[in-house]
Amino acid sequence: MKTLLWGWSLAGLILFNILANGEMSFDKMDMFNDFNGTNANVLMVGLTLVQAAAAKGAVCLDGSVPGYHLYRGYGSGANNWIIQLQGGAWCDSIQNCQNRKRSGYGSSTLMEKELAFLGLLSNKAAENPDFYNWNKVKVRYCDGASFGGDSENKAAQLQFRGKRIFLAVMEDLMAKGMRQAKQALLNGCSAGGLSAILRCDDFNNLFPPTTKVKCMSDAGFFLDAVDVSGGHSLRRMYSGVVNTQGLQNTLPPTCTSHIKPTLCFFPQYIINQVKTPLFILNSGFDSWQIGNSLAPPSADPNGSWRNCSSSFRCTASQKQFLEGFKMSMLDAVKTFSKFSKNGVLITSGWAHCQAERQDTWFPGNSGAGKVKGIAVAVGDWYFERMKKKSS
């Protein structure tokens with residue numbers, strides 16, 4: 001059976017979800033859970049292109065203008081805003097970025113015209129009790145570097161303008177009412193979760209001090225981990241992203257001033273410098289990181305990890321290795337969690353992106369003794385409910 005360990009102190013919220021018998025549960029999760037809208041009850045929201053962004057040089061990899069999906073809030077949520085930055089990995093070479101620009105992750109001309117709003121973006125009180133009637137925005141990801149770059153490669157006809165895209169979209173939304181926001185939450189999943197960390201203070205700086213602004217990273221806590229061959233697969237990938245897009249010029253100088261820029265693309269090296277309240281939501285057994293950072297094919301040429309990384313059928317020694325990965329993640333957020341403004345939720349499910357899934361965000365079948373869902377923990381942190389109860 002599952003046991004929830006809640007740790008409350010002046011240092012903020014830490015919730016660890018473990019199995020009492022020491023074994024690991026899992027949820028099957030695709031890297032990108034884009035829903036095709038076959039369920040008639042799901043909210044589908046249309047694409048808006050930011051035409052004015054072109055004049056600012058805020059364009060996708062192929063030079064097309066960026067876009068977002070906006071659902072208007074109402075009632076008590078009319079002046080509250082959720083901004084969700086889309087995820088979708090990265091491109092770590094000129095060739096990969098050229099391939100990427102021929103998809104919706106590099107060109108707005110190829111983006112879906114509608115996206116489903118689920119989980120944190122749901123407009124149903126029964127599915128999303130704290131945020132259902134807020135203004136909700138899904139910002140499309142088309143730069144390949146977590147909204148982090150500001151350069152170009154003219155020879156390759158590639159624009160690396162993620163940071164400009166973020167600012168141009170925010171400017172467009174401010175003109176559409178976000179300037180009057182009383183409360184705002186920036187979040188994202190996967191590469192979008194990393195984006196939420198990188199752009200968190202930029203987002204906060206858009207608003208007056210009277211606006212409550214917080215950020216949340218869902219499955220964006222990519223660890224600088226040693227893979228099963230003893231190498232650093234994700235560090236090599238990130239080095240490609242940083243060097244291809246020139247991120248050494250845009251990553252936080254508080255980090256790049258004392259360590260290599262590639263390391264500053266890893267959340268563990270920058271989260272303690274984020275001034276805005278930040279919530280880290282991640283699985284300690286992140287399915288994407290297991291398959292792409294810990295045991296990618298390049299580090300596992302014989303395929304001995306294939307069953308474990310693809311369907312979590314792991315040997316005892318593999319489980320022990322993954323347990324070490326989880327403990328490294330917990331160690332990496334230890335200092336961060338001591339700041340009372342921050343929140344941390346590390347779960348034990350085999351999952352990736354939990355706030356975008358209804359069954360993990362706020363399960364409808366939760367009964368007595370069952371986990372109520374991540375929504376409760378995030379809501380308690382955002383609205384500081386536990387502090388109010390204890391005062």
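The model is predicted, with local features requiring pLDDT of at least 70 and side-chain atom pairs counting only at pLDDT 80 or more, while totals for chains, interfaces and linings use all residues. Residues are numbered from 1 along each chain as its sequence is written, and side-chain values use heavy atoms, with hydrogens and water left out.

The protein chain contains 12 helices and 13 strands; helices (H or I, at least four residues) and strands (E, at least two) are DSSP runs, numbered from the N terminus. Of the 391 residues in the protein chain, 57% are buried. Here buried stands for under 20% relative accessible area, exposed for over 50%, and partly exposed for values in between (1.4 Å probe, protein chains only). The accessible surface of the chain amounts to about 16000 Å², and carbon and sulfur atoms account for 52% of that area; such areas come from the Shrake-Rupley method with a 1.4 Å probe, and for residues only the protein chains shown count as cover.

The 14 residues of helix 2 (residues 162-175) should span 20 Å at 1.5 Å a residue, and the end C-alpha atoms are 20 Å apart, in agreement; the expected span is 1.5 Å times one less than the number of residues. Buried positions in helix 2 are Gly-162, Ile-165, Phe-166, Ala-168, Val-169, Met-170, Leu-173 and Met-174. These buried residues pack against several elements, including strand 4 (67-71), strand 5 (80-85), strand 7 (135-139) and helix 4 (200-204). After helix 2 comes Gly-177, with a positive phi near 120 degrees.

Helix 5 (residues 233-245) has 13 residues and reaches 19 Å from its first C-alpha to its last, close to the expected 18 Å. Its buried residues are Ser-233, Leu-234, Tyr-238, Gly-240, Val-241, Val-242, Thr-244 and Gln-245, and their cover includes helix 1 (94-100), strand 8, strand 9, helix 3 and helix 7. Gly-246, which follows helix 5, has a positive phi near 65 degrees. Helix 5 packs with helix 7 (residues 287-294) at an angle of about 85 degrees, the axes being 8 Å apart. Helix 5 is therefore roughly perpendicular to helix 7. Ser-233, Leu-234 and Met-237 of helix 5 make this contact with Trp-288, Asn-292 and Ser-293 of helix 7. Axes are lines fitted to C-alpha atoms, for helices over the stretch in contact, and angles run from 0 to 180 degrees between N-to-C directions. Angles under 35 degrees count as roughly parallel, over 145 as roughly antiparallel, 65 to 115 as roughly perpendicular and the rest as oblique.

Helix 7 also meets helix 9, their axes coming within 12 Å and crossing at roughly 110 degrees. On the helix 7 side the contact involves Gln-289, Ile-290 and Leu-294, and on the helix 9 side Phe-321, Leu-322, Phe-325 and Met-329. Helix 9 (residues 316-332) has 17 residues and a reach of 25 Å between its first and last C-alpha, close to the 24 Å expected. Gln-318, Leu-322, Phe-325, Lys-326, Met-329, Leu-330 and Ala-332 of helix 9 are buried. They lie on the same side of helix 9, because they cover an arc of only 165 degrees around the axis, the arc being that of the directions from the helix axis to the C-beta atoms. Ala-316, Ser-317 and Gln-320, on the other side of helix 9, are exposed.

A few single residues complete the picture. Most residues other than glycine have a negative phi. Gln-157 has a positive phi near 55 degrees and lies in the loop between strand 8 (151-153) and strand 9, where it is exposed at 60% relative accessibility. Ser-190 has a positive phi near 60 degrees and sits in the loop between strand 10 and helix 3 (191-198); Ser-190 is buried, with a relative accessible area of 1%. Leu-263, in the loop between helix 6 (253-256) and strand 12 (278-283), is buried at 17%. Leaving aside neighbours within four places in sequence, Leu-263 is in contact with Asp-224, Arg-235 and Tyr-269.

Notes
Contact means heavy atoms within 4.5 Å.
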